[in-house]
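Let's take a walk through this structure together. Keep the model open as you read, and follow along from one stop to the next.

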Protein chains: 2
Amino acid sequence: MAANGAPRVQLDRDRIVGAAVALADEEGTGALSMRRLAERLDAGAMSLYNHVASKDELLALMVDGVAAEIAEPPPGTPTLEAVRRIAVATREVFVAHPWAPELWLRCAPGPVRTRAMEEHLRLFAESGLAPELAHHGYHAVNNHVLGYTLQELGMSSGPEDLESKARAYLAGIEDGDFPHSAAHVRDHLEGRTSSSFELVLDLILDGLVRLDRSRAAGE
Amino acid sequence: MAANGAPRVQLDRDRIVGAAVALADEEGTGALSMRRLAERLDAGAMSLYNHVASKDELLALMVDGVAAEIAEPPPGTPTLEAVRRIAVATREVFVAHPWAPELWLRCAPGPVRTRAMEEHLRLFAESGLAPELAHHGYHAVNNHVLGYTLQELGMSSGPEDLESKARAYLAGIEDGDFPHSAAHVRDHLEGRTSSSFELVLDLILDGLVRLDRSRAAGE
DNA sequence: ACCTGAACACCGTTCAAGT
DNA sequence: ACCTGAACACCGTTCAAGT
């Protein structure tokens, strides 16, 4: 296709990471191999190693790349409200890149995530919560965002239809032996349980504030 | 080593799954290949396929195997107390098999987990919580257990020392640019934040009950 | 019925060679 | 400085052959 002498688009880290993210978005991390990625970039497989040290480094760069997409709340936002918005924004990015949460856990944080962690801890530190509760709160919110998203996406390293998966599960169950399970899945399929993510998020945030107050009053 | 004519121990599903779990416990899922597993069982690599359809099926069997290790609370236990105990017991099993949480998310549930899910949903259904809150509560607790454990274990598909990892991270950070991050990691290393798991678990469970009461009173 | 080696289509990565 | 093909040590799995 490309004319023989035509200079190829140059390879660089950003182009490689961008193509890797696109490939993962389309086909999941299971389909992301150095060879297939190089092919997509119209390059030899080994050329990639001139710009990334290893596949693991590439994966870490991808995660930090999507971390940069997480919208920051405006500077004046009250601390715990900012925490809340970041949690919601993070989930949105994870939904857009369903392969990201798993790597988020597996890869060492890059500069973007390191900065973000510092910022989140600062928000908690300045929230007025007791230091111990601020510490726990940071983890509680983090775990909720990751746990919820991972569960929601079924850790789909390939993009399969969640609804059809649920229907298949329901079909295998619905013989009366598992009434609660069948009802639960049906609740999902019929949309009777919206915004569980934000409900539990608020349960955690409100619970932290309430616990902090009762501890301060009790001592 | 084995005498030439000596009859080998027979291969069967349970022995294969057991050896796979042991291998994963010792070296992580990254080191678990059909060839290495067969070698451990003193069998040809392909012999395994007489007992499991694929590696994916084997992984699913492993997860259901560790699910069977989760201690059940005695029958009379109050519903939400039972939920609490199951959550704690599940985390204990995950700590014993650090490779399990990731597969838990990725594999379709086998018979053990299917039964357990039904049982947990029954506990929530009979807890007195409104159906919608029971539904959310089931997810909230599940997400907490998985999210917390995954984060705690750093998704370590190979057993690396968590503490040394934290120390390395701290060393890379501690130049004054990331004061909150450094303080946070130091809190961990010096054991100043115990039992975060149970604190947040109770935050969720108590929050559900409180929200249920206030909704019942408000309407 | 159960076992197995050879073979196929893949991996990530090393290395020596090109420009 | 950047690119690259051949090669190495692995994968999961198919298949045809053994017992």
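## From a salt bridge to the interface

Let's start with the side chain of Arg40(A), which is partly exposed, at 39% relative accessibility. Keep in mind throughout that this is a predicted model.

What does Arg40(A) pair with? Its salt-bridge partner is Glu26(A), and the closest N and O atoms of the two sit 2.5 Å apart. Arg40(A) belongs to helix H2 of chain A and Glu26(A) to helix H1 (residues 13-27) of that chain, so this pair ties together parts that are 14 residues apart in sequence. Glu26(A) is partly exposed too, with a relative accessible area of 47%.

Now look at Arg36(A), which makes a salt bridge with Glu27(A), with 2.7 Å between the closest N and O atoms. Arg36(A) has a relative accessible area of 36%, so it counts as partly exposed. Glu27(A), at 34%, is partly exposed as well.

Glu57(B) is in helix H3 of chain B, while Arg13(B) is in helix H1 (residues 13-27) of chain B, so the contact ties together parts that are 44 residues apart in sequence. Both ends are partly exposed: Glu57(B) has a relative accessible area of 25%, and Arg13(B) has one of 38%. Back in chain A, Arg84(A), Glu198(A) and Asp202(A) are joined into one network by salt bridges that share partners. Over all chains, the salt bridges come to 22.

While you're at helix H1 of chain B, find Gly18(B), which is part of that helix. Gly18(B) is partly exposed, at 39% relative accessibility. Its C-alpha is separated by 33 Å from that of Leu80(B), a residue 62 positions away along the chain.

Next, a bit of backbone. Most residues other than glycine have a negative phi. You'll find Asp42(A) in the loop between helix H2 (34-40) and helix H3 (55-67) of chain A. Asp42(B) is in the loop between helix H2 (34-40) and helix H3 (55-67) of chain B, and at 41% relative accessibility it counts as partly exposed.

Time to look at how the two chains sit together. A rotation of 180 degrees, with 0.0 Å of shift along its axis, puts chain B onto chain A with an RMSD of 0.0 Å. The two copies are thus related as by a two-fold rotation axis. Which C-alpha of chain B is nearest the axis? That would be the one in Gly147(B), 2.0 Å from it.

And what about the interface itself? The size of an interface is often given as the accessible area lost when the parts come together. Here, the area buried between chain B and chain A is about 4500 Å², with carbon and sulfur atoms giving 67% of it. How many salt bridges cross between chain B and chain A? The count is zero. Polar contacts do cross, though, with 14 residue pairs between chain B and chain A, both residues at pLDDT 80 or more.

On the chain B side, helix H5 (100-106), helix H6 (111-125), helix H7 (131-153), helix H8 (162-173), helix H9 (179-189) and helix H10 (196-218) each supply at least two residues of the side that touches chain A. H7(B) gives the most to that side, with 14 residues. By class, the side of chain B that touches chain A holds 22 nonpolar, 17 polar and 10 charged residues.

In terms of residues in contact, 49 in chain B meet 49 in chain A. Why can we say that the copies meet through the same surface? Because 100% of the interface residues of chain B are also interface residues in chain A.

Technical notes: Residues are numbered from 1 along each chain as its sequence is written. Chains are lettered from A and ligands numbered from 1 in the order in which they are written. This is a predicted model: local features need pLDDT of at least 70, side-chain atom pairs count only at pLDDT 80 or more; totals for chains, interfaces and linings use all residues. Side-chain values use heavy atoms; hydrogens and water are left out. Contact means heavy atoms within 4.5 Å. Buried area is the accessible area (1.4 Å probe) that two parts lose on being put together, summed over both. A salt bridge is a side-chain nitrogen of Lys or Arg within 4 Å of a carboxyl oxygen of Asp or Glu. A polar contact is a pair of N or O atoms within 3.5 Å; within protein, one must be able to donate a hydrogen and the other to accept it, and residues adjacent in sequence count only if both atoms are side-chain atoms. Helices (H or I, at least four residues) and strands (E, at least two) are DSSP runs, numbered from the N terminus. Ala, Val, Leu, Ile, Met, Phe, Trp, Tyr, Cys and Pro count as nonpolar, Asp, Glu, Lys and Arg as charged, and the others, Gly among them, as polar. Copies are superposed by least squares on the C-alpha atoms of residues with pLDDT of at least 70 in both. Buried means under 20% relative accessible area, exposed over 50%, partly exposed in between (1.4 Å probe, protein chains only).
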